[in-house]
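Please read the briefing below alongside the sequence and the 3D model.

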Amino acid sequence: MGSLQPEKSLIGKHSSFRSLNEVELEWDRQFEDHPFGVDYGRLENGLVYYVRRNPKPKMRAALALAVQAGSVLEEEEERGVAHIVEHLAFSATKNYENHGIVKFLESIGAQFGPCHNAWTSLDETVYELLVPIDKPELLSQAISILAEFSTEIRIADEDLEKERGAIMEEYRSGRDANQRIWDAYWSLLMGGSKYADRLPIGLEKVIRGVTSKTAKQFYRKWYHLSKMAVIAVGDFPDAESVVELIKTHFSQKTSASNPSPVPNFHVPSHEQPRYSCFVDSEATWSEVMISYKVPVKKMKTIKDYRDGLVESMFLIALNQRFSKISRRKNPPYFSCSLYADTLARPVRAYVMYSTCKEKGTLKALESMLTEVSRVRLHGFSEREISVVRALMMSWIESAYLERDKRKSTSLRHDYVQHFIHNEPVIGIEYEAQLQKTMLPHILASEISKYAEKLQTSCSCVMKIVEPQSSAKIGNLKKVVSKVIKLEMDSSISPWDDEQIPKEIVDIMPNPGNIVKQREYSNFGATELILSNGMKVCYKCTDFSNDQIIFSGFSYGGLSELSESEYLSSMMGSSFAEEIGVFGHKPSVLEDMLAGKKVRVRKRVRNYIRTFHGDCSPSDLETALQLVYQLFMNNVTPGEEVDLVMQRTEEDIRAQERDPYTTFRNRVTELHHGNSYFFKPFKISDLSNVNPSKACEYFNSCFKDPSTFTVVIVGNIDPAAAIPLILQYLGGIPKPSEPVLHLMSDYVKGLPFNVPTTVVREVVRSPMVEEQCWVTLSFPVELTKGTVVEEILYLDFLSELFETKILQVLRFKQGQIYSASVSVNIDGNMACRTDDIHGYIRIHFSCDPKISSKLVDIALDEILHLQEEGPSDQDVSTILAIEQRSYENGLQDNNHWLQKILDSYQSRIYSGDIGNSFQVHEEGRSRIRESLTQLTTQSAMQRIVPYPCKNQYTAVILMAQPRSSKWLRSALLWKPSDRDTKILAGVAGLTVLAFSFWRHSRKS
């Protein structure tokens, strides 16, 4: 059997997708083992390397060291050691001590932090770096660090003791309802295999007590060069020189002469379904999950690739049905989805997952199973599959058009998967040819047959999760038996297709015209004033071939509302979204937009009303049609209101069960008082919501185009775009009278409560497992005359705070896993004329026993910065981090969109966007040039209360003391009566938002 590689002669680099040639299909021909588009080889010591030149982002390199060793290789006394070794890599190696690697990365402005630089999974460990390479020595040093990880991680008693606290906090912070549900469900799902009890985070007793000798033995046994690959993708002058650097740093490395073979761990199949019910008082939603396990099948041939397309089409088609059902009156669930993913090296699963109202799990389960049975009995219609086909064709077309704009991190991921899971890398060009050839010939009947894989006899695992018990195992079995009988009796009716309109806009608007046009050469944009008063600014870029993004705003929002209006008006957007803000129901609009890359969203915020979206250049007309419909369409309450109210009620109940809610509400109350704008939404409030008033308010928010400014950025052809702008934006009629009666230069500010002394509180909340979160806040007040530069200083200070808090609490004390610093500024807009209030906030989790001590240490560090100033190295670090972020942003459409919006919304804007933009840029440059130890210290004393210990707010969340009886009732698990040896449980909502492999532990 021959091998197959894309024929380069068939692929024109700049050809359009529509002119792309189809290919002849020989189903049994195999893909090349050699990945496409990369220098690929193996050193004499066994190390594999991948090197590829890629210009996006400029002067950056995405590096990785992939190791075929994960937590499944651990023995019982080692559970968690693979993850511990990953942590220790950044602590010390042969040539880097005391987190020297972290200091190096920070000094060059490289990204570092939890989940950014490494992850440990069941079958692999991967270390990743994204580094600037504008200086040749930086790339060499970064590769040398990966080389140190391969064989020279230092695992000594002192290193392990310093890192235990951070790892323990990572473990503790994850012990919420979602993790408990996931742990139990995983054991049930993988029961009978070693994978069942080898989740990467490991056991608390191992984290606390494992010796350095045990960790070192694991490292020496499984970290073998023959099981490793180094990947380098970046803006290199040439690939050959990078290969030489890899050889320089890795060739002299050696591993044990006889590496231990990596065992294959079998996951047994089972014909009888496994059932479980899990009750957790902190569970956010009632959920149903059904998994069907299948062996992993490697993609080797053209036929395998086609099989993958058929599977994808089946998943999309069924998800389209689930989405439509969730929007019906009194739906069985609020959301439902089906996906396929790899659980571990030998096994993958089809997973159906839904969220529903309390005591609704049995109804949701029956609906999910019935829909699969309906497909088996009647199949999908050709119209349904035509929608799916159009979606997939649009996705591959977009990928093809962006093939030379892919980021290096994305390509790095492809090569990591090639090494770890032997996934073929055949190139976007060839994939586009294959899909363009195959998709039109895949029929609905073939896709429908995939439902046969979703039988309860196919290694099925079925579970529900509830905050209070309402269903038993026996109830689940009765539902299964009922649906099986309905299917056997052919008592399930065919799917009822909706009628789909062809046009989004029924009557074309009369185009407007350009009243005034102005060019801004300092940032390469053009501003248009249209005849209806709308202001449009567009900037043409080439950062992405298949992307245009846009955002429109108008001043005036929720802050203008009285208390009697607020509750109903706040719900307006939710009602409108479900009714259909663009003149069509969401389920209908989804089908109308099939095959188009377009998305438009709207939002009513405190001070402004906004819409934003993105589209392919070829779909710009459709995107602007949606904006036109947003202004022209009026929503009126219908049966959709009940669905929104049900969802809102369930969401409120979910928040009330979350221990973090009490903590968050108290922090908000301290900063904003008892204002009705910030009071928690209660179920009793729902009775005061008037749907008619809510819709009336929403309709008024998007009516007057003369108050809106729209910014458009991306691959814009002005000759094609301007007529569309005039047709659909210029065609929005201006009302004869003002709609919201707002002053154009001022909107009402929200209350902001600044504690003038020290506020230090402990908030206690019932918890199943003890957790502790800390928020430390400092008030900020900026006077009108110095706003621009002070806000820029605030950005630098927040970066300094985060760097120093991590250095002290994470790396010196070893007591936290991560920390975040955020800045919240209220009122930095042209529509506000008063002083600006806000806060700078530090947030971390920790051991509750030392939480107060860590607050004191953090305060000591910030006071030290105020009294002594940061070191020169600290200043250099934050300047490097800011500069690298700025450089990356200059190559990104979203960055430019936000910069232009900021310039319009800035207080210094007075009609000349070019001037506003220039003032901001000059302010940034001026602060960067003047930022020293002394100027930073001065800013610390000026912006943050000085001394900081005299005015701050510290709120600590702790568990409420509870009796053992309460703990027993809070967490109930009902395993299947068929097999008591198999643990039971379920995965939570947050867990299921990501792919299964992401349940690895990252550091």
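Accessible areas here come from the Shrake-Rupley method with a 1.4 Å probe, and for residues only the protein chains shown count as cover. On that basis the accessible surface of the chain comes to about 40900 Å², of which 48% belongs to carbon and sulfur atoms. This is a predicted model, in which local features need pLDDT of at least 70 and side-chain atom pairs count only at pLDDT 80 or more, while totals for chains, interfaces and linings use all residues. Residues are numbered from 1 along each chain as its sequence is written, and side-chain values use heavy atoms, with hydrogens and water left out.

**Overall build**

- The chain comprises 31 helices and 27 strands, which are DSSP runs numbered from the N terminus (helices: H or I, at least four residues; strands: E, at least two).
- Because its radius of gyration of 29 Å is close to the 30 Å that the globule rule gives for 1003 residues, the chain is as compact as a globular protein of that length; the radius is taken over C-alpha atoms, and the rule is 2.2 Å times the number of residues to the power 0.38.
- Of the 1003 residues, 58% count as buried, meaning under 20% relative accessible area, with exposed set at over 50% and partly exposed in between (1.4 Å probe, protein chains only).
- Among contacts with a separation of 6 or more, 85% are accounted for by residues 24 or more positions apart, where contact means heavy atoms within 4.5 Å.

**Ile-442**

- Ile-442 is found in the loop between helix 13 (428-438) and helix 14 (444-448), and at 0% relative accessibility it counts as buried.
- Leaving aside residues up to four places away in sequence, Ile-442 touches Arg-306, Leu-309, Val-310, Met-313, Ile-385, Arg-389 and Ile-447.
- Ile-442 and Met-313 are 129 residues apart in sequence, with 9.1 Å from C-alpha to C-alpha.

**Aromatic rings**

- The chain has 33 aromatic pairs, counted where rings of Phe, Tyr and Trp (its six-membered ring) have centres within 6.5 Å; planes under 30 degrees apart count as stacked, over 60 as edge-to-face and the rest as tilted.
- The rings of Phe-523 and Phe-917 form a stacked pair, because their centres are 4.6 Å apart and their planes lie at 25°.
- Since Phe-523 lies in the loop between strand 14 (514-520) and strand 15 (525-530) and Phe-917 in helix 28 (residues 913-930), the pair ties together parts that are 394 residues apart in sequence.
- Phe-523 is buried, with a relative accessible area of 3%, and Phe-917 counts as buried at 5% relative accessibility.
- Phe-611, Phe-631, Phe-698, Phe-702 and Phe-708 are linked by ring pairs into a cluster.
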